[in-house]
Amino acid sequence: MSTAFRPIAVQQFAKLAHHETPEDRFWAQFQAPQMVKELGPVLSINFSERGPFDYAVTAGSHVHVYSGRYHTSKFKFSRFTSARSGVMRNDGKLLVAGDKSGEVKVFNLNTKTSLRSFEGHRKDVRTTGFLPDGSRVFSAGEEGVVKVWDIAQEEEAASLNVTSDYIQSARSIKSNPSLLFAGSYDHKAYLLDVRTSSAQLSVDHGASIESVWVFDSGATVVTAGHHSIRIWDVLAGGKLVETLSNHRQTITDICLDRQQTRLFSCGLDRMVKVYDVSSWNVIQSMKFSGQLLSVAMSPDNSAIAVGHSDGFLGVRISQNRGKDPSRDKPSRQPRVGTHRYFMRGQNKKPTTFDYQVNVPRRRKLKQYDKLLKSFQYKEALDHLFIAQTTIVVKASFFRELILREALRHALSDRDDLTLEPILNFVVQNITNPRYTRLLIYVAHVILDIYSPGIGMSRNIDTLFAHLASKLKEELALQRDLSHIMGTIDSLLVASQSFQNVTPNH
C-alpha cells in the first residue's frame, strides 16, 4: 500500500524565549507618533492636572494649547519675543510663561486673555511655574536669580540670588509650598526656601544641569545634565542614591508620570528612556526622528508628547484611550432561526480553557515539492533557487536530497549559469554554524564533480577562490579561539590553585 507524499520537512530551530511583561503590553498599545509642525524648537511641554488634560506647548514666539482629548489645536498666546516654559496651574485655569525679554506673563485660559505681566528680570527667563498654593508664580533665568511673584497683589514677593550662572530648570514641591528646587549651569542644584530667601541644600551634579524634577513628598529630587541622571535623597542631606547613564548625548529634559512610578528622559540622541522608579532600570526605549528637547506624559497615561529641535511636536496616543470596560453595552442575542443565530461564534477566538478540535486540511504542494514527487531532482533544485526561498528551506531541500541519495544527480550536468547560484549559496552560508556540516558535504560533492573543469568559467573560478579564502579565515578564527580558550583555562586553574593555598602564619 503506497503512502501519501509528504512535502519537505523544513528544519525548525529553537527560538529565544520572549517573556512579555505588563510593561511591554502597556507600551504596545501606543500608536506611531502624530507629528505637528510648530514655529520653532519645542522647548517645553506641560500637561494640565485636571481632565481632559489639555497641554501647553512652548515653541518659537508663542505658547500653543492643545486639546488633551482630540490632540488638536485649541488656541495660542503669541505676545512674546521668544516664549519660554509655558506651565498650567493645577486647576487648569491659568498659565504662566517667560519671555526672552525678561517678562513673566500670566494668562487666563478661560477668557484667553493676559492677566498679569511682571517685569523684574534683566535677562532671558528660562523657567517658570506655580507654587502649590496657586496664588504665586516663580521664575528664573540667565541672571541666576529666582523671583517669586504674587498674582493677586501684582508684585514681587521674593528674590533669591542663587548663582552667577544660568538657571535652566526649577520645580516647586507639593508637600511644602515654601520650597523650590532649581538646577543651574554651574553644575549645582539648590533647594531654596522662599521665606528666608536662602538655599537650604545644594548638590553637585558634575555637569551643567538641563532639567530637574521633584517627587511630591520632597524627599527625593532628580537632576539631569550631560549624559547622566542623578537621584538625590534630601532627607539624608543630599546623598547621591543612583546615577543613570543610558543616553549617548546630552539629556535635555526629564519628568515623572502622575503615579510617580516611571521616570522619563529625552536627549539629543533622539531617544526617550523610561525608568522603573523602584529599581531605576530602563523598562522601555523609544526612538524618534529628530533631536529631542522636551518630554511629558499625560496624567491619565494615555499620551506621551515630545518636542523636537527642528520644530516638530510628536504625540504617541494609546489605543485604549478613553475606554471604560464597565460602560460597554451587552450585545443583543440573535433571534432563534435567523442567519445570525446559526452563524454565531464563527469569529470568536478560543481561550486557553477551550478544547480545540483540529480539522486536517490538505496542504497545497509547492512547485519544487511537485517536481520532487515526480523524481525531477535537478528541475526541483533549479526552481528552488528561482523562487528565492529562505536559507532554511534551501538547507532542508539539500538534506532531503541527501536522504534520497539524489544529491549527486541533482548537481550533475550543469553549466556555469545554473551552478553559480548554488555555489554562491554554499559560499555565503558555509560558516553559519547551523548549516556548516551540511554545506561542507555539499561543497565536497560539487568539488568532486566540477574540479576537473576549473579554468573553464571565470565566475565559477572566482566562487571557488572565495570558498577557499572563507574557509581559511574560518580556520584561522577557530585556531585563535582555541588559543584564547587555552589561556582562559590556564588562568582558571591558576586562580583555583591560588585559592587552595593557605597562607603561612
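**Aromatic pairs and antiparallel strands in a predicted model**

Phe 77 has a relative accessible area of 5% and is therefore buried. Phe 75 also counts as buried, because its relative accessibility is 14%, under the 20% limit that defines the class. The structure discussed here is a predicted model, and it holds 17 aromatic pairs. One of these pairs is formed by Phe 75 and Phe 77. Their ring centres lie 5.6 Å apart and their planes are at 75°. Because planes over 60 degrees apart count as edge-to-face, the pair of Phe 75 and Phe 77 is placed in that class.

A further aromatic pair joins Phe 80 and Phe 107, with 5.7 Å from centre to centre and 55° between the planes, a tilted arrangement. This pair links distant parts of the chain, its two members being 27 residues apart. Phe 80 belongs to the loop between strand 5 (73-77) and strand 6 (83-88), whereas Phe 107 belongs to strand 8 (residues 103-108). Both Phe 80 and Phe 107 are buried. The ring of Phe 80 also has a charged group over it: the charged end of Lys 105 sits 5.0 Å from the ring centre. Elsewhere, one aromatic cluster is made up of Phe 26, Trp 27, Phe 30 and Phe 264.

Phe 264 of this cluster is also one of the residues of strand 23. This strand (residues 262-267) has the highest mean pLDDT among the elements of the protein chain, 95. Strand 23 is largely enclosed by the rest of the structure, because 6 of its 6 residues are buried. In a regular strand, side chains alternate between the two faces of the sheet. In strand 23, Arg 262, Phe 264 and Cys 266 point one way, and Leu 263, Ser 265 and Gly 267 point the other way.

Strand 23 pairs with strand 22 (residues 251-256) in the antiparallel sense, over 5 bridges. Within this pairing, Phe 264 is the bridge partner of Cys 255. The hairpin of strand 22 and strand 23 has 5 residues between the strands, and Gln 260 in this hairpin takes a positive phi near 60°. Strand 23 is also paired with strand 24 (residues 271-276), again antiparallel and over 5 bridges. Here Lys 273 in strand 24 is the bridge partner of Ser 265. In the hairpin of strand 23 and strand 24, 3 residues stand between the strands, and Arg 270 has a positive phi near 70°.

An open sheet is formed by 4 strands in the order 2-3-4-5, with antiparallel pairing. Strand 2 (42-47) and strand 5 are its edge strands, each pairing on one side only. Neighbouring strands of the sheet are turned against each other by 20° on average, direction ignored. Strand 3 (residues 55-59) pairs with strand 2 over 5 bridges, and Val 42 stands opposite Ala 59 of strand 3. Another residue facing strand 3 is Ser 44, opposite Thr 58.

Strand 3 is mostly covered, with 5 of its 5 residues buried. Tyr 55, Val 57 and Ala 59 point one way from strand 3, whereas Ala 56 and Thr 58 point the other way. Strand 3 and strand 4 (residues 62-66) form an antiparallel pairing over 5 bridges, in which Val 63 of strand 4 stands opposite Thr 58. The hairpin of strand 3 and strand 4 has 2 residues between the strands, and its Gly 60 takes a positive phi near 65°.

The pLDDT of the protein chain averages 87, and 94% of the residues score at least 70. Among the elements, helix 2 (residues 339-342) has the lowest mean pLDDT, 81. Over residues 322-328, pLDDT stays under 50, and the model has 0 contacts beyond four places in sequence for this stretch.

Methods: Residues numbered from 1 in each chain as written. Predicted model: local features only at pLDDT ≥ 70, side-chain atom pairs only at ≥ 80, totals over all residues. Heavy atoms only, no water. Phe/Tyr/Trp six-rings, centres within 6.5 Å; stacked < 30°, edge-to-face > 60°. Buried < 20%, exposed > 50% of the residue type's maximum accessible area, 1.4 Å probe, protein only. Lys NZ or Arg CZ within 6 Å of the ring centre and 35° of its normal. Pairing = 2+ DSSP bridges. Axes fitted to C-alpha atoms, helices over the stretch in contact; angles between N-to-C directions. pLDDT = per-residue confidence, 0-100. Contact = heavy atoms within 4.5 Å.
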